[in-house]
Amino acid sequence: MASPPDDDAPDLRALFEQTSHPSTPAQQERWARHAASLPDQPRRRRWWWFVPAATIPAMVAMAIAMWSPDDETAGDASDAPSTTAAIAPVPNAELAGLDLLLAAADDEEPKSSADDPGLPGPRRIVIQDPLRVLDGLGDPLGSLELLRPPPRRQLDRQLAAFEATLEEER
Amino acid sequence: MTLLDRDPTAAAPVSADERNLVAAALSGDGLAFRRLVEPHMTMLHRIAARVSPMLADDAVQETLTLAFQRLGRYEPETSFRAYLAAIAARRAHTLARGERRRAKRQERGPSVGAPATPEAELHGAEAARRVREVILAMPKKRQQAALLRLDAGLDYREIASALDSTEGSARVLVHQALRQLRDELGDLLPR
């Protein structure tokens with residue numbers, strides 16, 4: 001009997017042996033197969049592993065929100081952040097009007113005449129509220145809402161320029 | 001093979017072979033883990049069936065799963081048998097607690113397993129039921145000490161390792177468990 005060397009309960013040990021439930025060879029084989037299969041099973045993921053992953057979108061959104069389009073680099077197309085999109089020049093005169101409207105969304109007020117986008121050329125749309133980009137990702141049409149109406153004074157000036165262009169073509 | 005027929009050297013601290021098997025199992029070798037746990041399955045089933053015969057099969061399987069998942073935390077200089085037995089005792093305690101709650105909800109007494117028809121078997125089942133009742137009524141640590149001592153056959157050093165306590169505390173817990181068992185099951189003990 002392979003009991004512990006300092007056996008202090010041979011009577012209880014005998015009772016426990018008498019009332020124990022023997023396992024069957026079939027059970028033992030099943031457990032052995034289960035043990036052998038364990039390394040192939042995916043390890044249970046801890047719930048807190050998901051916390052950092054879940055916070056990534058929020059952290060990205062916060063970083064975008066903290067970035068200001070009024071930064072010094074905002075006007076530099078080569079450093080354009082992901083919230084800006086380049087639009088190719090539109091040769092058609094009528095479509096050029098649309099291009100002007102899009103260009104007007106660049107800034108609420110041009111800082112100087114040099115900043116005025118002027119006539120058709122490479123244009124950038126600056127999205128005023130970067131957080132809304134995330135909302136609009138699933139809905140391409142929804143992204144149109146990102147364009148805020150340009151200031152009235154600037155719009156009038158650009159419409160006048162557009163009409164002058166049409167007049168010259170006539 | 002019963003627990004009492006096991007190799008007495010199994011109580012020794014982890015052998016070099018066992019250490020290699022642990023390393024192989026940690027690197028994803030399923031057969032190594034099988035070889036590691038196979039000698040202890042009878043002991044695991046004894047512990048699980050002591051407190052919950054109906055759920056013993058599941059308890060052994062869950063014990064093996066937990067043992068593998070926590071294998072990285074196993075300290076190679078301690079007894080692997082004690083490591084497995086500790087998980088089995090805790091798992092059995094948890095399952096038994098759930099079983100008692102279910103029985104309470106269904107307004108039945110504690111589960112006693114399938115009734116046996118032959119008289120001798122009935123007597124054995126009755127003795128097993130009484131042993132189980134006393135075990136289940138013990139405080140958690142004392143209960144685990146009793147299972148590790150009487151069903152797993154661990155010595156005090158291994159029990160201390162399994163319960164994450166000192167050898168002195170293990171001796172006290174086992175002493176209290178044995179006294180309670182003798183007090184309440186005296187009529188079942190051989191004279």
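Author: In this predicted model, the buried residues of α4(B) are Ala56(B), Ala59(B), Val60(B), Thr63(B), Leu64(B), Ala67(B) and Phe68(B). An α-helix has 3.6 residues a turn, so residues three or four places apart point the same way. The helix α4(B) itself has 14 residues and reaches 20 Å from its first C-alpha to its last, close to the 20 Å expected at 1.5 Å a residue. Its buried residues pack against α2, α3 and α5 (80-105) of chain B, and also against α2 of chain A, which brings us to the contact between the chains.

There, 44 residues of chain B are in contact with 33 residues of chain A. On the side of chain B that touches chain A, two or more residues come from each of α2 (30-37), α3 (41-51), α4 (56-69), α6 (119-137), α7 (140-151) and α9 (167-185) of chain B, and α4(B) gives the most, with eight residues. By class, that side of chain B has 25 nonpolar, ten polar and nine charged residues.

The α2 helices of the two chains also meet: α2(A), residues 25-37, and α2(B) pack at an angle of about 140 degrees, with their axes 7 Å apart, and because of that angle α2(A) is oblique to α2(B). In this right-handed crossing of α2(A) past α2(B), the contact is made by Ala32(A), Ala35(A), Ala36(A) and Ser37(A) on α2(A), and by Gly30(B), Leu31(B), Phe33(B), Arg34(B) and Val37(B) on α2(B). The residues of this contact divide into six nonpolar, two polar and one charged.

Notes. Residues numbered from 1 in each chain as written. Chains lettered and ligands numbered in written order. Predicted model: local features only at pLDDT ≥ 70, side-chain atom pairs only at ≥ 80, totals over all residues. Contact = placed C-beta atoms within 7 Å. Helix = DSSP H or I, 4+ residues; strand = E, 2+ residues; numbered from the N terminus. Nonpolar A, V, L, I, M, F, W, Y, C, P; charged D, E, K, R; others polar. Axes fitted to C-alpha atoms, helices over the stretch in contact; angles between N-to-C directions. Parallel < 35°, antiparallel > 145°, perpendicular 65-115°, else oblique. Left-handed = near helix turned anticlockwise from the far one by under 90°. Expected span 1.5 Å × (residues − 1). Buried ≥ 20, exposed ≤ 12 C-beta atoms within 10 Å, placed from the backbone.
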